[in-house]
Amino acid sequence: MMWLNRFRSGTAVLGETLAASVICLAMVGCGPSSTSSSSTNSDSTEDVAMGDLAVSELANIEGAVEIDGSSTVAPISEAAAEAFGKTFKNVKVTVAISGTGGGFERFTNGEIDISDASRPIKDSEFKVCKEKGVSFVELPIAYDGLSIVINKENEFVDQLTVEDLKKIFLKEGGVKTWKDVNPEWPDLEIKIYAPGTDSGTFDYFFGDVVAKDEETEHPRDDMSVSEDDNVLVTGVAGEKGAIGFFGASYYFANVGKIKAVKIVDPNTGEAVAPTPETIESGQYAPFSRPLFIYVKLDSMKRPEVKQFLEFYLKEAGKLAEMVDYVALPDSVYDVVKTHYEERITGTHYLTPELEKKSGPLTELYTTENVVDIE
C-alpha cells in the first residue's frame, strides 16, 4: 500500500529526528564541545529539559500507552507510535482498532489512555464520561475526506448528489440497480460496502449527511459491513456494481483498485472530487471532516504518555501527510497545543444542554467554546 511505504520511510526520518533532538538536548543545545560535558546521569548538577522532563529522566522512561478506536485515525497513531518507539524503546505504544464507538466505550471504562475518533464525542458518550468522572482533552490532528468509491470498471457514474446517496444507502431509497438511480444507467445490481456501525465513519456518513432524520431515514440492512477498511476496498474492487465509503486515505492508497466519485456540493451545485486540496479548503462538501484523539486527563500525569503526546502533537502535520491525510493549518495546531499544555478539558462539539454543534473546525475549536464534564 502506498501509505504504508511512505509510513515506513517517513517514520524512520521522524525517529532519527527525535533521537537527534534528545542527543542535542543532552549536549546543551548541540553547542560547542565545551558545553557537551553536561551529563544525563542522575547525579548531574544540571539537567536539560525536554518539555517538563529532564534528559536524565528521558533516558529511563518506560511504561505503556494504550490507544484504541477509529480505523480511520489508526494509521496516524501507528505512525506516531513507530517513530516515537525508535527513541523511547522502553515505552510500548499499542494501537488497537475497534471503531470510534468501541474506542470511546473502552475510554470511558478507563481501559485506554487515548481514543482515536473519526467524529466528535456523542452526547451519550459525554454523559458516561461525566458519570464516571473521566476528564479528557479533545485534540484534532488532521483533516480527512470521506470518499464515496466505485469499481474501476464502472464508467457510467461520474458524480452523485446527496439525494442519489439517499436512494442508494437508505431503506427508504428502495433502489436495487443503478438504473433505479438514473434511468440512463445500466440495469446492474448495486452491492454496498460500508464501515461497521461502531465506526465514526458510519456515524458521520449517516448521522451527519445521508440520514440526518433518525425517525424517517434509516440505513439499509443488506449492506456488507466491516471495521476493516481494507475489506471494503477489496469488496468494491471485486464487483462491477459495487459502491462503498471510507476515509480518503484508503482511497488515496488504492487508486489503482477503485475510483472515487465526485460529490455535488448541496450549496454550490459543484461536483468535486476528494483531494488533499479540496478537503483542506472545505470545497469537498459535505464530506470533509476533522479527525481527533481524545486523551484522558489522568493519563497525562504519566511521563510516558506525556512524552508521547508531546511528540505526536509536534509531528502531527507530518504524520498526517505521511499516511495520506491532510494536515491542519498551523493556526489550528497552535490552538491544539495550547489546549494540551493548559489541560483544557471538554468538548467543542456539544452545547451545555448536550445538543450537537456543527461548523468549521476553525470556528468551533477555540478555547472559549468548550463544554466540560463538570
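Mentor: The model is predicted, with local features needing pLDDT of at least 70, side-chain atom pairs counting only at pLDDT 80 or more, and totals for chains, interfaces and linings using all residues. Residues are numbered from 1 along each chain as its sequence is written, and side-chain values use heavy atoms, leaving out hydrogens and water.

Trainee: Which residue of strand 4 stands opposite Val-65?

Mentor: Helices (H or I, at least four residues) and strands (E, at least two) are DSSP runs, numbered from the N terminus. Two strands pair if DSSP finds at least two bridges between them. Strand 3 and strand 4 are parallel partners over 5 bridges. Opposite Val-65 stands Val-93.

Trainee: Which residue of strand 5 is the bridge partner of Asp-68?

Mentor: Strand 3 also pairs with strand 5, in the parallel sense and over 3 bridges. Within strand 5, the partner of Asp-68 is Ser-115.

Trainee: Which helix makes a β-α-β unit with strand 3 and strand 4?

Mentor: A crossover is right-handed if, with the strands pointing away from the viewer, the path from the first strand over the helix to the second runs clockwise. Strand 3 and strand 4 belong to such a right-handed unit, and the helix in it is helix 3.

Trainee: Is helix 3 parallel, perpendicular or oblique to helix 12?

Mentor: Axes are lines fitted to C-alpha atoms, for helices over the stretch in contact, and angles run from 0 to 180 degrees between N-to-C directions. The axes of helix 3 (residues 74-85) and helix 12 (residues 303-322) come within 8 Å and cross at roughly 120°. Angles under 35 degrees count as roughly parallel, over 145 as roughly antiparallel, 65 to 115 as roughly perpendicular and the rest as oblique. Helix 3 is therefore, relative to helix 12, oblique.

Trainee: Which residues of helix 12 make the contact with helix 3?

Mentor: Contact means heavy atoms within 4.5 Å. On the helix 3 side, the contributors include Ile-76, Ala-80, Ala-83 and Phe-84. On the helix 12 side, they are Glu-304, Gln-307, Phe-308, Phe-311, Tyr-312, Leu-319, Ala-320 and Met-322.

Trainee: Is Ala-96 buried, partly exposed or exposed?

Mentor: Ala-96 is in the loop between strand 4 (91-95) and helix 4 (99-108). Beyond its neighbours within four places in sequence, Ala-96 is in contact with Ile-67, Asp-68 and Gly-69. The C-alpha atoms of Ala-96 and Asp-68 are separated by 4.5 Å. With a relative accessible area of 26%, Ala-96 is partly exposed.

Trainee: Why is helix 4 largely enclosed by the rest of the structure?

Mentor: The elements covering the buried residues of helix 4 include strand 3 (63-69), strand 5 (114-117), helix 5 (123-132), strand 6 (136-151), helix 8 and strand 14 (288-296). Among those buried residues are Gly-99, Phe-104 and Phe-107. Helix 4 is largely enclosed because its buried residues number 8 of 10.

Trainee: Which residue of strand 9 stands opposite Pro-195?

Mentor: Strand 8 (residues 191-195) is mostly covered, with 4 of its 5 residues buried. With helix 8 and strand 9, strand 8 makes a right-handed β-α-β unit. The pairing of strand 8 and strand 9 (residues 224-226) is parallel over 3 bridges. Pro-195 faces Ser-226.

Trainee: Which residue is the bridge partner of Ile-263 in strand 13?

Mentor: An open sheet of 3 strands runs in the order 7-12-13, with mixed pairing. Its edge strands are strand 7 (159-160) and strand 13 (271-272). Strand 12 (residues 262-264) and strand 13 pair in the antiparallel sense over 2 bridges. The partner of Ile-263 is Val-272.

Methods
Buried < 20%, exposed > 50% of the residue type's maximum accessible area, 1.4 Å probe, protein only.
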